Amino acid sequence: MRESGARPAAYFADEPDTTFGMLSARCRKQITRAGMAVLTERAEQTGRAIGDSEPKDVKRFEIQKQEPWTREARVWRYDDC
């Protein structure tokens, strides 16, 4: 799945601008940049509290059809808002 240069890890790295860019147009109408900043800050704080922030290598994965992604202008965008 190709995203618009955005990285899912940005959510846990407190990168709200990058993460906001991962959202679908529908979600960008519901979630503001300021709201995304709060979400990513909390996610980063939770990650630090848990202490498991090392990148992981994916050995295998399973496609979950219920994952809320949508394709907009040839780019996959997260659509769970």
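Tutor: Asp 79 forms a salt bridge with Arg 26, and their closest N and O atoms are 3.2 Å apart. A salt bridge here is a side-chain nitrogen of Lys or Arg within 4 Å of a carboxyl oxygen of Asp or Glu. Asp 79 lies in the segment after E2 and Arg 26 in helix H2, so the pair ties together parts that are 53 residues apart in sequence. Helices (H or I, at least four residues) and strands (E, at least two) are DSSP runs, numbered from the N terminus. Arg 26 is partly exposed, with a relative accessible area of 41%. On this scale buried means under 20% relative accessible area, exposed over 50%, and partly exposed in between (1.4 Å probe, protein chains only).

The model is predicted: local features need pLDDT of at least 70, side-chain atom pairs count only at pLDDT 80 or more, and totals for chains, interfaces and linings use all residues. Residues are numbered from 1 along each chain as its sequence is written, and side-chain values use heavy atoms, with hydrogens and water left out.

The structure holds three salt bridges. Side chains of opposite charge can pair when their charged atoms come close. Another of these bridges joins Arg 33 to Asp 17, with the closest N and O atoms 3.3 Å apart. This pair also links distant parts of the chain: Arg 33 is in helix H3 and Asp 17 in helix H1 (residues 16-21), 16 residues apart. Arg 33 is partly exposed at 49% relative accessible area, while Asp 17 counts as exposed at 54%.

There is also a bridge in which the side chains of Arg 48 and Glu 44 meet, at 2.7 Å from N to O. Arg 48 and Glu 44 are separated by about one helical turn, because they are four residues apart in helix H3. Arg 48 counts as exposed, at 56% relative accessibility.

Return now to helix H2, where Arg 26 lies. The structure holds one disulfide, which is a pair of cysteine sulfur atoms within 2.5 Å. Cys 27 and Cys 81 form this link, with their sulfur atoms 2.2 Å apart. Cys 27 is in helix H2 (residues 25-30) and Cys 81 is in the segment after strand E2 (75-78), so the link joins distant parts of the chain, 54 residues apart. The angle about the S-S bond is -80°, and the link of Cys 27 and Cys 81 is left-handed. What is the relative accessible area of Cys 27? Cys 27 is buried, at 0%, whereas Cys 81 is partly exposed, at 35%.

Cys 27 also belongs to the largest nonpolar core, five residues in all, together with Phe 20, Leu 23, Ile 31 and Met 36. A nonpolar core is a set of buried Ala, Val, Leu, Ile, Met, Phe, Trp, Tyr and Cys residues joined through side-chain atoms within 4.5 Å. Leaving aside neighbours within four places in sequence, Ile 31 is in contact (heavy atoms within 4.5 Å) with Phe 20, Leu 23, Met 36 and Cys 81.

Met 36 brings us to helix H3. Met 36 counts as buried at 3% relative accessibility. Not counting residues up to four places away in sequence, Met 36 touches Tyr 11, Pro 16, Thr 19, Phe 20, Leu 23 and Ile 31. From Met 36 to Thr 18 is 9.8 Å, C-alpha to C-alpha, and the two are 18 residues apart in sequence.

Thr 40 lies in helix H3 (residues 33-50) as well. Thr 40 is buried, with a relative accessible area of 0%. With residues up to four places away again not counted, Thr 40 touches Tyr 11, Asp 14, Glu 15, Pro 16 and Thr 19.

As for the whole chain, there are three helices and two strands, following the pattern α-α-α-β-β along the sequence. Buried residues make up 21% of the 81 residues. Among contacts between residues at least 6 apart in sequence, 56% join residues at least 24 apart. The pairing of Asp 79 with Arg 26 ties together parts 53 residues apart.
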